[in-house]
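Have the model open while you read.

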Amino acid sequence: MTERIYSTRAYERTMTATVVDSNRDDGRVLLDRTVFYPGGGGQPYDSGALVIGDDRLDVVRVTQDSRGVWHWLETLPPIGTQVIGEIDWDRRYALMRTHTAMHALCGVVWERFRSPVTGGNMTPGEGRLDFEIPQWDPEDREPIEAELNRLLDLARPVEVSFLDRAEADQDPSLIRTKVSLLPASLREVRVIDIVGLDRQADGGTHVDSTGEVGTIHITKTESKGKGFRRIRLALGG
């Protein structure tokens, strides 16, 4: 299994690692440890490069399976090669801020409507979440944005913890999606807690404090069918 550095140390930008396997048909290598997030939960995978001496190999895709995290390259180094991994930090940090903002929005909407998330996605600096909100009123948009920014400005800490699957299953509040997306094979559940605002199972990367997110703008709300609403947000300057 790959040591997933990003899971507990999201601010790590580089790592040293060893190529432990490769798939030349697909053009990918398996590393023993990595800072590259492989994507999931609406957050895209990291970009960056693996450095070997004077050679810099762009990481064009990152995925994971039961064995670990795979890094897709145009040229594959041999098994046993020592590499230095470097993520595109500006892109990653924008995604961390965006992801935390989306969790905060979940908390605000949950407090107001008790409405589950039915879908979501993000790019650096922008995100969208779909909610089941039968009682939505267009005038709700501005109060939600104001409350979201008020709470973010309080610089609430963002904590990471891990629960045994059996313990996590006893706490249905950890799942804010309408349908649980946790694989049946998952034995340990990673939890992101924006203290006092939102706590849910999540595998992505986040900032340490909501104060790092900055100002959020709700750029658009859309109807996605009767009782369903899509809310789009963007990071401020």
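1. Start with Asp140: at a relative accessible area of 10% this residue is buried (buried is under 20% relative accessible area, exposed over 50%, partly exposed in between, with a 1.4 Å probe and protein chains only). Its partner is Arg112, and their side chains meet in a salt bridge at 3.2 Å, N to O (a side-chain nitrogen of Lys or Arg within 4 Å of a carboxyl oxygen of Asp or Glu). The two sit 28 residues apart, Arg112 in helix α2 and Asp140 in the loop between β11 and α3. Arg112 is partly exposed at 43%.

2. A word on the source: this is a predicted model, where local features need pLDDT of at least 70, side-chain atom pairs count only at pLDDT 80 or more, and totals for chains, interfaces and linings use all residues. Residues are numbered from 1 along each chain as its sequence is written, and side-chain values use heavy atoms, leaving out hydrogens and water.

3. The salt bridge count is 12. One of them joins Arg33 to Glu3 at 3.1 Å, N to O. Arg33 is in strand β4 and Glu3 in strand β1, so this pair ties together parts 30 residues apart in sequence. Arg128, Asp130 and Arg230 form a salt-bridge network.

4. Now the sheet: it is open and antiparallel, with 4 strands in the order β10-β11-β16-β15 (strands are DSSP E runs of at least two residues, helices H or I runs of at least four, numbered from the N terminus; two strands pair if DSSP finds at least two bridges between them). β10 and β15 are the edge strands. β15 and β16 pair over 7 bridges, with Lys220 opposite Arg232.
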